[in-house]
Amino acid sequence: MVPTLLAALAVLLGSVAPGAALAPASGSVPDRVAEYVADGLTARLAQLYGPGADGTGIDFDDSTTLGTVTRVWEWSEAFLAGRASGSRTTTPDADTPAPVTLRNEWIVPVSVDSDMVGVATVWINPVNEQAELAEFAPDPKLAAALAAAPPEAALVRDDATHAWFAVTDSTATPLVSGSSGVTAATPLDRLWLTAAATDTPGAEESAPIVSAAVIVVAVVGVLTVSALVLVGMRRTARRRAGP
């Protein structure tokens, strides 16, 4: 019963309409996530990403420090569908889709000896409902970029373009542009993401490839049948000619 109520609450609070203030409270950090980051994250990083037998890895020693834990958001499916279909409307009304929705992820910039070394992503495992390390990106530039995001902004992760944005009210500022094509702060009603605006190849694009494949198969089939017919004709001729 409790998980069901929590899921319903997530649906109600998991997205924010365009133009609405993206308060940090809407992307708050659950106690279980905060406790895991404080008491278990560094040890887990050392276990999975520490120095190995080959000498590679990061030495998460006593100088390891963890930055601010920040909730991660993503573009809503409805918003991306609007970008792809050509809709530029982001006026906050009842019919306008919320541009962002919460992800089950929290990011933590990680430093060793005062130097940024990467970003840890924590999630709440839906199976055991415990906070766990989901992944670690050993990327100092990414860590520095995410750590520089304004605290009042929603930190949006766009997997399709490997980009990160800081969204405040109706503006998206790229922290990591990736392949999104966005290089400066952009109003949401003018935000065109390369991956979102490009549909999968249509029939007119894939037809030549399909046609070529069909032709190859057809040619092979014709040659095979011709060879079998020729062999049959030779055998028949030999039978008729006798010994």
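A: T64 counts as buried, because its relative accessibility is 13% and buried means under 20% relative accessible area (exposed is over 50%, partly exposed is in between, with a 1.4 Å probe and protein chains only). This is a predicted model, in which local features need pLDDT of at least 70, side-chain atom pairs count only at pLDDT 80 or more, and totals for chains, interfaces and linings use all residues. Residues are numbered from 1 along each chain as its sequence is written, and side-chain values use heavy atoms, with hydrogens and water left out.

T64 sits in strand 2, residues 64–66. Strands here are DSSP runs of E with at least two residues, helices are runs of H or I with at least four, and both are numbered from the N terminus. A polar atom of the T64 side chain lies 2.9 Å from the backbone oxygen of D61. Looking past neighbours within four places in sequence, T64 is in contact (heavy atoms within 4.5 Å) with T42, V110, S111 and V112.

That brings us to strand 4, residues 100–112. Strand 2 and strand 4 run antiparallel and are joined by three bridges; two strands pair if DSSP finds at least two bridges between them. T65, for instance, has S111 in strand 4 as its bridge partner.

Strand 4 has other partners too. V112 stands opposite D115 of strand 5. The hairpin of strand 4 and strand 5 has two residues between the strands, and D113 takes a positive phi near 55 degrees there.

How well covered is strand 4? Mostly: 10 of its 13 residues are buried. Take V108, which counts as buried because its relative accessibility is 0%. Leaving out residues up to four places away in sequence, V108 touches V37, L41, L66, G67, T68, V69, G118, V119 and A120. From V108 to V119 is 11 residues in sequence and 5.6 Å in space, C-alpha to C-alpha.

Rings of Phe, Tyr and Trp (its six-membered ring) pair if their centres lie within 6.5 Å, with planes under 30 degrees apart called stacked, over 60 edge-to-face and the rest tilted. F60 is buried at 9% relative accessible area, and F136 is buried at 7%. Ring pairs link Y49, F60 and F136 into a cluster. P51 is in the loop between helix 3 and strand 2, but at 52% relative accessibility P51 counts as exposed.

The chain's mean is 76, and 62% of its residues reach 70 or more. Residues 1–25 have pLDDT below 50, though the model gives this stretch 36 contacts beyond near neighbours in sequence. Residues 197–217 stay under 50 as well, with three contacts beyond four places in sequence.

Key: Polar contact = N/O pair within 3.5 Å; in protein donor to acceptor, adjacent residues only side chain to side chain. pLDDT = per-residue confidence, 0-100.
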